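Please look at the sequence and the structure shown here, and then read the short report that follows.

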Amino acid sequence: MKISLSELDTKRFGKRIAKISVDDSMDIDAINDACVALDLNMLIVRCPTSDISSIQKLEKSGYFLTDTLVYFQNKKISASPIQLPVGFTWRTANKGDAEAVSALAGKCFSNFAGHYHTDPYLDRKDADLVYTSWAFNSCHFGPFSDQVFLICQENNIVGFLSTKKIDAENGEIILNGVDPACQKNGFYAELVAMAKNWALDENLQNLSVSTQISNIAPQKVWCRHGFEPLTSFHTFHKWFNQ
């Protein structure tokens, strides 16, 4: 049992927040006792959707569902040409792009249906900051990303996508978005193509990506790019010291 204090969430929301992934071998009562001993305000739990036993135990113990993530994976990555409309270009990001990418993330993820936004005890504006700060940090690379791809119209960034190597064979699309004013132009599909080409350049065998189960549009794009459903997880929250 490993309960990890989330320093980012604790600072952002002003509450002691921790995270844990559970399976049916874990004692939920023992987890609750540990949270009390750690003086936590809230625990975020990730649980496989197939683990019905743990899900029922969590619900009986006062945890409530905040989102469901679906993961897709491409095990046969192929190169894809990048085809953008006239007037648009693409490039990789640098640290100087951090503010602009953060601002774009603010547009893309405002009132997003992630687990922070769906928790009625968390301020929605603070939940927005989860994604803006994540996007900002992604442009500084390190633990947040290895590469960030941008679509631009002159000097204006209209789309972004970050990637990260998990190990020698596996990579992941981490965070991505397209300016709502520029959607329905196929830009997201082109960003996914860039991620596939990056994976090939890095000699990766598999590329994964995830989103909320209700977020259908990107899942259609992934399927067209050779991704297939892999697994899924529920996210639960429980407040101990509100």
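## The largest pocket

The largest pocket of this predicted model has a volume of about 1,600 Å³, where a volume is the space filled by probe spheres set on grid points joined across faces, edges and corners. On a 1 Å grid over the protein atoms alone, a pocket is an open set of points where a 1.4 Å probe fits, with protein on both sides within 12 Å along at least five of seven lines, and lining residues have an atom within 4 Å of a point.

Of the 50 residues lining this pocket, F109, Y131, W134, I174 and L175 are the closest to its centre. Strand β8 (residues 170-178) gives the largest share of the lining, seven residues; strands (E, at least two residues) and helices (H or I, at least four) are DSSP runs, numbered from the N terminus. The lining divides into 27 nonpolar, 14 polar and nine charged residues, where Ala, Val, Leu, Ile, Met, Phe, Trp, Tyr, Cys and Pro count as nonpolar, Asp, Glu, Lys and Arg as charged, and the others, Gly among them, as polar.

## Helices α4 and α5

The axes of helix α4 (residues 98-108) and helix α5 (residues 124-138) come within 8 Å and cross at roughly 150 degrees; axes are lines fitted to C-alpha atoms, for helices over the stretch in contact, and angles run from 0 to 180 degrees between N-to-C directions. That makes α4 roughly antiparallel to α5, a term for angles over 145 degrees.

In the contact (heavy atoms within 4.5 Å), A98, E99, V101, S102, A105 and G106 of α4 meet Y131, T132, A135 and F136 of α5. These contact residues comprise six nonpolar, three polar and one charged.

## Helices α6 and α7

Helix α6 (residues 187-201) and helix α7 (residues 216-224) pack at about 50 degrees, with their axes 10 Å apart.

Y188, A189 and V192 in α6 meet P218, V221 and W222 in α7, and the contact has six nonpolar, no polar and no charged residues.

## Notes on the model

Residues are numbered from 1 along each chain as its sequence is written. In this predicted model, local features need pLDDT of at least 70 and side-chain atom pairs count only at pLDDT 80 or more, whereas totals for chains, interfaces and linings use all residues, and side-chain values use heavy atoms, with hydrogens and water left out.

How values were computed
Angles under 35 degrees count as roughly parallel, over 145 as roughly antiparallel, 65 to 115 as roughly perpendicular and the rest as oblique.
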